[in-house]
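Hello,

I am passing a structure on to you, and below it I have written out what was found, so that you can follow along as you look at it.

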Amino acid sequence: MSTSDANAIAKVLTEALPYIQRFTDKTIVVKFGGNAMIDETLQNSFARDVVLMKLVGMNPIVVHGGGPQIGDLLKKLNIESRFVDGMRVTDSATMDVVEMVLGGSVNKQIVNLINNNGGHAIGVTGKDGRLIRARKMEVSHQTPEMKAPEIIDIGHVGEVASIDRSVIDLLVQGDFIPVIAPIGVGKDGASYNINADLVAGKIAEVMQAEKLMLLTNVGGLQDKQGEVLTGLSTERVDALIKDGTIYGGMLPKIQCALDAVKSGVASAHIVDGRVPHAVLLEIFTDAGVGTLITNKSL
């Protein structure tokens, strides 16, 4: 190793040290999705990031999605995929596929990745121990000609009614890394498919996490000139929503992060999951690789 290489490594380690000290024993909730879930190199870099977080004393909790994998299996089974306002219409047959993919193949793949990289992960769905209590989501649609909005039934799509943190506490206290599939259970025992960002945000709130990290396929929240914004207060984010800077597909993700921070999570991060080791870079470096939202004075 050359002297310059050694100096570069030493610089990285010394820059990371204060962050390691600050976040020891803190809970970090990471929503794993996007390119990071389907690219093998990114999968392994994410797993190593999570294992390292655990080894230096943090308590990572992973929540994952799986939309593309669900779509692929539905196509193979000749089950049509329909969407209303970006949400998959989920009848009983589709819900069976969702449970197979999220609670089965995808969840166990992530658990296996983490364990193969030296971690101790356990996978659960929100149905296990009634971890995630769900309520059916109602979607309304109205046109100028309609006197009242039309309620559209999108099937087994839910919202988070409550989180039972005792299930997560049990895993964390056992020194495991929880890997959670976003499937909830209703009062009647029915299964509900819930947006993974929403589940991650609610878990971060209930656990009073230090950080909520949402991996995505973009560099972060961008201004109208395409520059990535970071170091944002909740007031600034509210203003960006109001003036139309935040819109479309990014709006629900930012709203999820905003709600978490307003509910006591110290900070939320929209992270570019296409970057190898994006989680570590966002936590342990001064520059980071995404958008930071915080309640703290900046």
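**The cavity and the sheet**

In this model, which is predicted rather than experimental, the largest cavity has a volume of about 50 Å³, and the count of cavities of 30 Å³ or more comes to one.

Which residues line the largest cavity? They are Ala36, Leu42, Ser45, Phe46, Asp49, Leu215, Gly273, Val275, His277, Ala278 and Val279. When this lining is sorted by class, seven of the residues are nonpolar, three are polar and one is charged. Helix H2 (40-55) and helix H9 (278-284) each supply at least two residues of the lining, and the largest share, four residues, comes from H2.

Turning to the strands, you will find that eight of them form an open sheet with mixed pairing, and that their order is S5-S10-S2-S1-S13-S15-S16-S14. The edge strands of this sheet are S5 (121-125) and S14 (232-233), each of which pairs on one side only.

With best wishes

Terms used. Residues numbered from 1 in each chain as written. Predicted model: local features only at pLDDT ≥ 70, side-chain atom pairs only at ≥ 80, totals over all residues. Heavy atoms only, no water. Pairing = 2+ DSSP bridges. 1 Å grid on protein atoms, 1.4 Å probe; cavity = no way out; pocket = protein on both sides within 12 Å on 5 of 7 lines; lining within 4 Å. Points joined across faces, edges and corners; volume = space filled by probe spheres on them. Nonpolar A, V, L, I, M, F, W, Y, C, P; charged D, E, K, R; others polar.
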